[in-house]
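Here is a short briefing to read alongside the model. Take a look at the structure below, and then we will walk through it topic by topic.

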Amino acid sequence: MLTYEVLSKPGGRDVNEDAVGVRLADRGGLFVLADGLGSYGYGDVAASYTVRHLLQAYRPQSPSSAQRFLIDSIQEIQAGLHCLQQETMRYRSIRTTLAAAHLQDGQLTLAHAGDSRIYLFGKHRAIWRTTDHSVPQMLALSGQIRESQIAHHPDRSRLLNALGGDTENLKIDLTIQMADSWQAMLLCSDGFWEYVPQGQMQRTLRYSHSCGEWLAQMEKSALKNGRRSVMDNYSAIAVWFRTDEPKISSL
């Protein structure tokens with residue numbers, strides 16, 4: 001059985017530049033989250049365009065076709081964002097992150113760019129997450145800082161990859177996850193995971209009785225941890241599956 005809950009709020013900002021969306025189908029669905037880059041202006045346009053395009057293009061795909069669907073759709077989005085940039089001067093630098101999960105017949109095909117994350121959980125613990133396309137993440141991978149320091153690193157907003165940027169340098173990470181025996185998934189923007197550490201995600205998952213309760217408890221943690229700062233927009237999609245350990249294979 002699959003259940004999900006969606007959250008997207010402006011935090012301490014005037015405009016919510018995050019966008020989220022879900023389309024369910026028989027034995028699967030599509031979950032999409034995008035975080036427009038506010039430093040460029042009109043990030044909400046890029047984020048909403050990205051989510052809307054993917055949801056409109058979505059049709060239930062066989063597991064073998066899901067990767068092609070995501071690649072083709074992302075290429076169309078990239079071209080569409082470039083058209084918007086050329087047609088409207090105020091949109092000339094719009095960018096957005098992307099976290100997308102296509103579920104069909106027990107297989108998850110995941111795509112991401114930027115620092116919006118996808119987490120997978122089995123037996124109440126995080127077993128996998130996407131790798132941010134950011135300067136702090138690269139520093140962590142090279143051993144110069146700890147993973148726990150990424151959230152509040154001074155260069156955390158410096159992304160190395162996003163939709164709407166140079167197509168030649170665009171990098172989309174694609175991963176296949178066999179979802180036949182696992183518990184939960186979380187897609188979230190950086191405004192969410194910045195204030196909800198992975199350990200807190202795990203603890204609230206362990207003691208929650210529903211997907212909605214899990215997301216609500218994580219939001220409480222975000223608001224508590226971010227109360228002394230001007231919080232960014234924060235968004236998340238929480239999805240519950242089964243509770244055994246998953247099998248994982250990356251492309």
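The radius of gyration used here is taken over C-alpha atoms, and the globule rule is 2.2 Å times the number of residues to the power 0.38. For 251 residues that rule puts a compact globule near 18 Å, and the protein chain, at 17 Å, therefore agrees with it. Please keep in mind that this is a predicted model: local features need pLDDT of at least 70, side-chain atom pairs count only at pLDDT 80 or more, and totals for chains, interfaces and linings use all residues. Residues are numbered from 1 along each chain as its sequence is written, and side-chain values use heavy atoms, with hydrogens and water left out.

**Overall picture**

- The protein chain holds six helices and eleven strands; these are DSSP runs (helices: H or I, at least four residues; strands: E, at least two), numbered from the N terminus.
- Its C-alpha trace spans about 50 × 45 × 35 Å along the principal axes.
- Of the 251 residues in the protein chain, 54% are buried, where buried means under 20% relative accessible area, exposed over 50%, and partly exposed in between (1.4 Å probe, protein chains only).
- Among contacts (heavy atoms within 4.5 Å) with a separation of 6 or more, 71% join residues 24 or more positions apart.

**Surface and charge**

**The nonpolar cores**

- A nonpolar core is a set of buried Ala, Val, Leu, Ile, Met, Phe, Trp, Tyr and Cys residues joined through side-chain atoms within 4.5 Å.
- The largest one has 29 residues, and those with the most contacts inside it are Phe 121, Leu 186, Phe 192, Met 201, Trp 214 and Met 218.
- Two or more residues of this core come from each of β6 (117-122), α3 (135-141), β9 (184-188), α4 (190-193), α5 (198-207), α6 (211-225) and β10 (234-240).
- Helix α6 gives the largest share of this core, five residues.
- A second, separate core has 25 residues, including Val 51, Leu 55, Leu 81 and Leu 163.

**Around Phe 192 and Glu 219**

- Beyond its neighbours within four places in sequence, Phe 192 is in contact with Leu 7, Leu 186, Leu 215, Met 218, Glu 219, Tyr 234, Ser 235 and Ala 236.

- Leu 54 sits in helix α1 (residues 43-57) and counts as buried because its relative accessibility is 0%.
- Not counting residues up to four places away in sequence, Leu 54 touches Leu 30, Val 32, Phe 69, Leu 70, Ser 73, Ile 77, Leu 98 and Ala 100.
- Leu 98 belongs to strand β4 (residues 98-104), and its 0% relative accessibility is why Leu 98 counts as buried.
- Among the residues that Leu 98 touches, with those up to four places away in sequence not counted, are Val 32, Thr 50, Leu 54, His 112 and Leu 163.
- The C-alpha atoms of Leu 98 and Gly 36 are 9.0 Å apart, although 62 residues separate the two in sequence.
- Val 45 is also placed in helix α1; at 18% relative accessibility, Val 45 counts as buried.

**Backbone points to check**

- Most residues other than glycine have a negative phi.
- Lys 123, in the loop between β6 and β7 (125-129), has a positive phi of about 55° and is not a glycine.
- His 124 lies in the loop between β6 and β7 and has a positive phi near 65°.
- With 26% relative accessibility, His 124 counts as partly exposed.
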